[in-house]
2 protein chains.
Amino acid sequence: MTFQRGMVHTPFFMPVATRGAIRALPLRDIDKLGFEMMLSNTYHLYLKPGLDVLRESGGLHEFINFHRPILTDSGGFQVFSLSDLCRITEKGVEFRSHLDGSKHFFSPEDVLEIQRVIASDVMMVLDQCTSYPVSEDESHEAMWRTIRWAEKSFQYYKEHFDCERQALFAIVQGSVFPQQRRECAERLAEIDFSGFAIGGLSVGEPKELYREMTSLTTPLLPEQKPRYMMGVGSPREILHAISEGVDMFDCVMPTRIARNGTLYTSKGRVTIKAAYYEKDFTPVDPECDCYVCKTYTKAYLRHLFKAGEIAALIYNTHHNLAFMKRFMNDIRTCILEGTFAEARAKWERVFAGGDE
Amino acid sequence: MTFQRGMVHTPFFMPVATRGAIRALPLRDIDKLGFEMMLSNTYHLYLKPGLDVLRESGGLHEFINFHRPILTDSGGFQVFSLSDLCRITEKGVEFRSHLDGSKHFFSPEDVLEIQRVIASDVMMVLDQCTSYPVSEDESHEAMWRTIRWAEKSFQYYKEHFDCERQALFAIVQGSVFPQQRRECAERLAEIDFSGFAIGGLSVGEPKELYREMTSLTTPLLPEQKPRYMMGVGSPREILHAISEGVDMFDCVMPTRIARNGTLYTSKGRVTIKAAYYEKDFTPVDPECDCYVCKTYTKAYLRHLFKAGEIAALIYNTHHNLAFMKRFMNDIRTCILEGTFAEARAKWERVFAGGDE
């Protein structure tokens, strides 16, 4: 994928800088680790620092001094999961901020205008997310509203945006109902969006249903355009989704579990606080070339974690993101070399004990 | 000061890595900022990770992979301020760990043996600290015990240690009683310690008393040996102490106030959360060459701080330590150029509004 701010090689994983910062990591580490794109959040940035600050600073890239492509989630998911008292009408969604209870309204056009101020390289349309489980009827209504909002968004985008500067992705909804997923994907695929996301998954549904929805949705989305699986970041689910043709991922999980002391390695998960690492003076992952593995031992990282040092969060986060970058590079290489199946089998074995 | 692990230029400020990590900062930043020495804590390291781990890893430098000189506080201050139920006899101090209530005993010889395992470049003797306020009698007893323990420590050190490898500093006590401070300093100065620390100050006493004690103690300590003011880190008090002949400082204050959003600059303190920085797109300190000032604006740092991002702690800590390093460099240059008085007057003006 090529943007004015640089090229991004697929498949890729985007670190999550919800409010313009990666949790527990200096932003320059994202550059150094070689991530070509990251994700920020429309809902959060709209509330804080707010549009005035973002506008006056010249957009999010200027504000946070990060000059690679940024994708912004539309805020749909956050409005439905974080805010209080959200009320949906055909025009949009009224909600109260989870921070101070203040009232706000997002229409499909509003979230585009907000993302114009943010100046994200990829904007997402406003969608109506459902939680899991949800009744078939309720999901059906949300799915159709998502389609209508997507149509409205696209029209508004074409008329009012510089499409060379900012791309617009649609989001497929439909919960775990195959017919709804199909309907939604087919309708959206008819519109000339820059890319297509699969939303509303990884929200608590059984893994089999999640995989089934992925497998049936992906082939319905244009092959020439990027497919983005929202909120998925576990190595095995990434591999499954890639095998189905997904190109893009984002998830807070690798950084969240890092802060809880779980580290990804080429041999599987390491729970750094475990007593048997007390005197383990080897790196977390001898095959990892990140500076944490090159510099520190499991024993030291365990000590820092058990002592509650903030430095433990920094080191663990750095390592897990280094792992994710290397993991995606490895997959990309294997795809190019035609050895994806073997690579997938290898990683399935590595993470047989779990990867979340 | 020259150590096997490198040279340290006086006067200097030591960042505090209590448990082998700087709070909210990767250790490599300490190297990059040019700090030539840092401080760790015997009491904390003894409890966690414990001597077994430190011994097997080959000492603290190996454990944390930091290879510049490290000074370790003896643990005296922590035993008296942090632990529960501490009982002092002539032999040493019995106390309960503040972590798990377990019972421990430190003799003057014990803390040297612990610091042998830690392999610190500068060891401190065990002293008996008093809180403020304390009665003259109680302080008198603690001061004399501190002297007797120092004598014992020195003898044990000379007999059992490689003095080229590890230096040993004494600590002057005596609370705010001039006669006691004098007595203690004179007695300790008769012993061939590698350096002398002024302890038991900055524990809540009025600033005038603190300065008076500093001024009367310092001239009694050998001029050819380093003088170390323990626990002092505010720019103005550092300047005062240097004017009295102090060479070394340590304090958690610059990093602690950073985590609370207070930043040192060449124009005084900046309280980053203040509303008037909301749209201030200039660096915290245009005269600072640290990467935070070179990369980020006050508006961004304010946003991160108000959003409760861990990255705010990282950036703020980095900046304040960068300030401390530059501040000490500046003072050193002025001393060498004979303009210390002007420099001190300048910094007094800069921090007229406060520096803590």
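**Figure 1. Chain B laid on chain A in a predicted model.** Superposition is by least squares on the C-alpha atoms of residues with pLDDT of at least 70 in both. Residues are numbered from 1 along each chain as its sequence is written, and chains are lettered from A in the order in which they are written. In this predicted model, local features need pLDDT of at least 70, side-chain atom pairs count only at pLDDT 80 or more, and totals for chains, interfaces and linings use all residues.

**Figure 2. Where chain B touches chain A.** Here, 32 residues of chain B are in contact (C-beta atoms, placed from the backbone, within 7 Å) with 32 residues of chain A. α3 (51-57), α4 (60-64), α13 (298-306) and α14 (310-337) of chain B each give two or more residues to this side. Helices are DSSP runs (H or I, at least four residues), numbered from the N terminus. α13(B) gives the most, with five residues. Of the interface residues of chain B, 100% are also interface residues in chain A, so the copies meet through the same surface.

**Figure 3. Surroundings of Phe169(B).** Not counting residues up to four places away in sequence, Phe169(B) touches Val122(B), Met124(B), Phe193(B), Ser194(B), Gly195(B), Phe196(B), Ala197(B) and Tyr228(B).

**Figure 4. Chain A as a whole.** Chain A has 15 helices and 15 strands (E, at least two residues). Its C-alpha atoms fill a box of roughly 60 × 45 × 40 Å, taken along the principal axes.

Conventions:
Contact = placed C-beta atoms within 7 Å.
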